[in-house]
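Have the model open while you read.

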Amino acid sequence: MLKIHHLGHSQSERIVWLCEELDVPYELVKYTRDARTMLSPPELVALHPLGAAPLIEVDGMLLAESAAIVEFILARHGDGRLQHAPDHPDFASYLYWFHFANGNLQPVMGRSMMIGRAGLPPDHPVQTAVQGRLDKVLALIEDRLGQADYLAGSDFTAADIMSVFSLTTMRIFQPLDLSPYSNIRAYLQRIGERPAYRRAMKKGDPDLTPMLT
């Protein structure tokens with residue numbers, strides 16, 4: 001059986017959610033962040049030098065990196081679900097938004113968090129550059145969700161599973177006002193109605209109320 005090493009309040013929620021969507025049996029091993037550093041506890045560091053989460057264990061193998069894990073699970077258990085085949089008209093959109101999550105959205109959220117902790121004044125060039133990039137990224141997502149219900153088009157896909165963490169749970173670490181983005185907020189409400197998402201969040205992070213507004 002697939003074993004998911006899940007760090008609470010982290011990107012590993014993606015993997016729990018994916019397995020719930022696909023009805024893939026799994027064993028969930030939960031870890032809590034170090035109270036002082038907010039990083040992975042020693043038990044996770046013992047499994048992976050970076051203390052990586054998510055981390056899955058299957059057939060004696062450990063695999064980290066959420067995008068790689070999502071692709072691995074889809075290849076083994078997806079049967080074509082939650083992804084678009086090369087001949088699908090939205091195939092390119094699926095690939096773009098799947099990789100946009102960790103290529104643009106999550107990195108700029110992380111940079112914004114680090115710059116915020118540095119205490120730079122609002123008019124500092126680094127601060128304004130990072131904020132400008134974040135504004136552009138959010139505007140792009142807002143525009144896309146004005147064109148389609150989901151990032152890859154009319155169908156919910158793994159591209160959405162990859163992206164939602166940055167728009168929700170990541171806001172614990174980097175507060176973000178989504179009030180100007182009506183399409184994103186409507187999208188998060190649609191996500192919150194998915195039974196698999198609700199199950200995943202309840203199992204993985206029962207102490208957390210999903211930030212869907």
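Which residues in α1 meet which residues in α6?

1. From α1, Glu 13, Arg 14, Trp 17, Leu 18 and Glu 21 meet Asp 160, Ile 161, Met 162, Val 164, Phe 165 and Ser 166 in α6, where contact means heavy atoms within 4.5 Å. Sorted by type, the residues of this contact are 6 nonpolar, 1 polar and 4 charged (Ala, Val, Leu, Ile, Met, Phe, Trp, Tyr, Cys and Pro count as nonpolar, Asp, Glu, Lys and Arg as charged, the others, Gly among them, as polar).

2. A word on provenance: this is a predicted model, with local features needing pLDDT of at least 70 and side-chain atom pairs counted only at pLDDT 80 or more, while totals for chains, interfaces and linings use all residues. Numbering runs from 1 along each chain as its sequence is written, and side-chain values use heavy atoms, leaving out hydrogens and water.

3. Asp 160, Val 164 and Leu 167 in α6 meet Ile 184, Tyr 187, Leu 188 and Ile 191 in α7. That contact has 6 nonpolar residues, no polar ones and 1 charged.

4. Now the largest nonpolar core: 59 residues, with Leu 2, Trp 17, Ile 73, Ile 141, Ile 184 and Tyr 187 having the most contacts inside it. Such a core is a set of buried (under 20% relative accessible area, 1.4 Å probe, protein chains only) Ala, Val, Leu, Ile, Met, Phe, Trp, Tyr and Cys residues joined through side-chain atoms within 4.5 Å.

5. Not counting residues up to four places away in sequence, Ile 73 touches Leu 2, Ile 15, Leu 18, Cys 19, Leu 22 and Gly 78. Another core, of 6 residues, lies apart from the largest one and includes Leu 44, Ala 52, Leu 55 and Ala 64.

Definitions and conventions:
Helices (H or I, at least four residues) and strands (E, at least two) are DSSP runs, numbered from the N terminus. Buried means under 20% relative accessible area, exposed over 50%, partly exposed in between (1.4 Å probe, protein chains only).
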